[in-house]
Amino acid sequence: MVWKVIALNSLLAAIYAFSVEKLPYITLVVTFIGVALRVMRWRSSPPDHEKIRMDPVESVKYVLLDVVLFRKTWRTDKAMWLALFLFHGSVAGIVFGHMRGFHIWSIHMFEAFGHAFAEFMVHTLPIYVGYVFIVTQVYFLVRRVMLENKQLTSMPNDYIALVLLLLKSIAGQGMRLVPPEGVPATLYNVVFIPRFVVLHLETIPNSHWFHIHIILTQLFIMYVPFSKFIHIITGVIAPAIYGSRRKEIDR
Amino acid sequence: MTAELNKKAKASLGKFTRRQVMELDTCAHCALCTENCPAYNESKDPLHAPGVRSAMAVKLYDKKYNFLTKLFGKTEITEKDVEELSESAYHCTLCGRCMESCPFGFQTHELWSRIREIVADLGGTPINVARLGKMLDENMNPYGLDPDERLDWVDYTDLHEIPEEEQAEVAYFVGCTTAFKGANHDVAFSIASILNEVKEDWTVLGEDEWCCGNPSLISGDEHTAMEYALHNVEALESRGVKKVITGCAGCYRVFRFEYPKLLGREPKFEILHAVEYLRDVLVSGRLKVEPTDEKVIYHDPCELSRLGGVIEAPREALKYLTKEPLEFDENGIDVRCCGGGGLLQAVNNEMRLDIVTRRLTEAKEKGADILVSACPACKLAFTDGVRERGIEIEVLDLLELAAKRLGVL
């Protein structure tokens with residue numbers, strides 16, 4: 001029995017070490033190859049009949065209206081608009097929050113508004129944002145299942161991407177809710193890619209939640225170019241083309 | 001057979017442009033477009049949902065162009081695949097409403113036309129639509145009627161003669177659905193009468209007018225559309241025409257937005273829809289009419305409003321024609337299609353009538369006495385709906401209403 005526990009712990013330790021030391025490089029390479037393959041797939045298709053001349057003003061206008069404000073979804077489905085707005089808002093918040101760990105900004109940015117406010121912004125608010133993120137994803141997943149074979153037919157990657165994102169979000173939230181393993185005297189550094197990607201944490205998080213979170217996150221990043229999450233890039237390009245090209249619209 | 005189909009499929013699917021492949025790759029099948037789709041709303045058949053069509057197209061594309069599918073998936077395209085794609089592609093009015101619901105702004109009306117082109121390449125075009133292509137080849141119109149009958153509408157109206165000039169400032173491009181369909185002859189008469197009333201230096205092309213190419217374009221035959229574009233533009237330019245007026249929303253859209261693409265240059269004349277011309281002559285005072293007391297509701301033709309950008313002109317004109325203009329809830333760029341577009345009539349007339357019934361019912365509920373539009377296909381759909389479904393409302397083209405107020409119709 002004891003040797004089984006030792007073996008399991010050794011295996012976990014190896015996986016966890018791999019997830020921090022090796023997986024980031026694999027993630028980088030796979031993501032790069034994935035994006036390159038996508039671009040090659042598009043480049044190998046014929047261009048449009050007419051040359052698309054990008055209009056910077058119209059592009060920005062339609063990106064703001066359709067990507068930032070979800071204008072079309074507002075017109076179509078108010079519940080979905082709210083879910084999309086909260087989901088993308090929480091994504092922005094979570095990405096911004098993670099930047100503190102990578103020393104792109106610090107708690108001092110909010111200190112000007114008082115210590116309590118700064119504490120709220122970096123410790124309390126992220127927990128609520130995490131819940132919003134998870135709840136909206138569950139809504140998307142349930143909606144998809146309900147509409148399946150009625151109003152839409154999903155492809156496997158529609159579900160894989162959503163489930164992967166949901167699992168990594170749950171792991172991330174779990175990490176916040178489970179008590180940390182310790183509070184180091186100085187910052188706890190996790191070196192993914194020396195000098196380039198180093199995470200600085202104030203507490204040592206629960207090892208299991210933390211490693212599950214970073215493994216799933218890296219799998220998710222690798223999967224982006226192969227999934228509908230490619231819209232992180234194309235979702236900006238398409239409305240910019242729409243704005244530049246839709247000369248039919250009364251302006 | 002299957003090997004040949006697959007060879008053709010690879011070449012044909014390769015016609016998706018890089019923008020369209022990007023759109024297909026990005027479409028998350030979120031179904032936000034579905035509730036707004038007039039065809040899906042009537043049938044509730046998933047095959048008719050725009051997002052499902054997009055999923056079907058990308059699956060077929062991946063079978064030929066995705067290395068992962070080539071390695072691990074099924075790569076064979078079957079006749080059943082083509083049948084389903086055809087069923088989906090032709091149960092669509094090409095109204096473009098899915099484009100206006102799509103969060104990413106995919107230009108779906110172009111995507112669906114491309115899918116129809118692929119369906120045509122793979123021999124899946126519905127028989128009635130294929131027949132239409134043959135009639136176009138033989139008679140330069142989709143109704144299979146002799147080109148010399150193009151001006152028959154003149155004989156059926158009080159207009160005894162109309163100008164067929166060698167040179168003119170303005171040309172009236174009648175369009176096949178107006179010229180050959182009896183229900184629309186009064187529309188042609190109204191436009192001709194208004195041009196005479198304003199004393200415009202105008203002409204028609206007569207037998208020299210060919211189909212604008214819209215039916216060819218939307219059934220996937222770009223080559224024929226290009227041939228027609230070349231002919232019509234040459235016929236108009238050789239007459240020194242500076243302004244072309246058409247009462248057909250389809251002709252208008254194709255002249256304005258498709259001809260430059262097909263020809264690789266802008267024609268040397270301005271294209272106006274008759275409602276824009278009507279607005280101009282009413283606002284400038286060149287045409288004077290008394291407005292009616294009847295309540296008039298305006299239906300935006302999809303090809304004129306959402307796909308053509310002409311939204312305010314008919315409303316401005318209507319202010320001179322009625323004291324009580326009414327609006328549908330879904331209007332302008334967000335208009336709900338009447339069912340008259342996309343060759344749906346040739347494939348599923350019952351669905352077309354179901355779609356138009358919804359619109360007619362709403363017009364009645366709004367308390368309208370007259371329902372006006374600005375497209376011969378819309379007028380045909382509405383008059384068929386009134387006749388077949390027994391909904392009592394007067395249906396007119398906006399130009400007919402103007403001619404009535406002028407006292408010539």
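How many positive and negative side chains does chain A have, and how far apart do the centres of the two sets lie? Chain A has 24 positive and 15 negative side chains, with the centres of the two sets 6 Å apart. Lys and Arg count as positive and Asp and Glu as negative, while His and the chain ends are not counted; the place of a charge is NZ of Lys, CZ of Arg, CG of Asp or CD of Glu.

The model is predicted: local features need pLDDT of at least 70 and side-chain atom pairs count only at pLDDT 80 or more, whereas totals for chains, interfaces and linings use all residues. Residues are numbered from 1 along each chain as its sequence is written, chains are lettered from A in the order in which they are written, and side-chain values use heavy atoms, without hydrogens and water.

**Chain A.** Ten helices and two strands occur in chain A, in the sequence order α-α-α-α-α-α-α-α-β-β-α-α. Helices (H or I, at least four residues) and strands (E, at least two) are DSSP runs numbered from the N terminus. The C-alpha trace spans about 70 × 45 × 40 Å along its principal axes. Of the 251 residues in chain A, 42% are buried; buried means under 20% relative accessible area, exposed over 50%, and partly exposed in between (1.4 Å probe, protein chains only). Among contacts (heavy atoms within 4.5 Å) with a separation of 6 or more, 67% join residues 24 or more positions apart.

**Two residues.

Leaving aside neighbours within four places in sequence, A:Gln173 is in contact with A:Pro126, A:Ile127, A:Gly130, A:Tyr131 and A:Ile134. With residues up to four places away likewise not counted, B:Lys366 touches B:Ile297, B:Leu326, B:Glu327, B:Phe328 and B:Asp329. The C-alpha atom of B:Lys366 is separated by 37 Å from that of B:Pro126, 240 residues apart along the chain.

**The interface.** Chain A contributes 48 residues and chain B 54 residues to the contact. About 4,400 Å² is buried between the chains, 52% of it from carbon and sulfur atoms; buried area is the accessible area (1.4 Å probe) lost by two parts on being put together, summed over both. Five salt bridges are counted between chain A and chain B, a salt bridge being a side-chain nitrogen of Lys or Arg within 4 Å of a carboxyl oxygen of Asp or Glu. A:Asp48 and B:Arg19 form a salt bridge through their side chains, at 2.7 Å from N to O.
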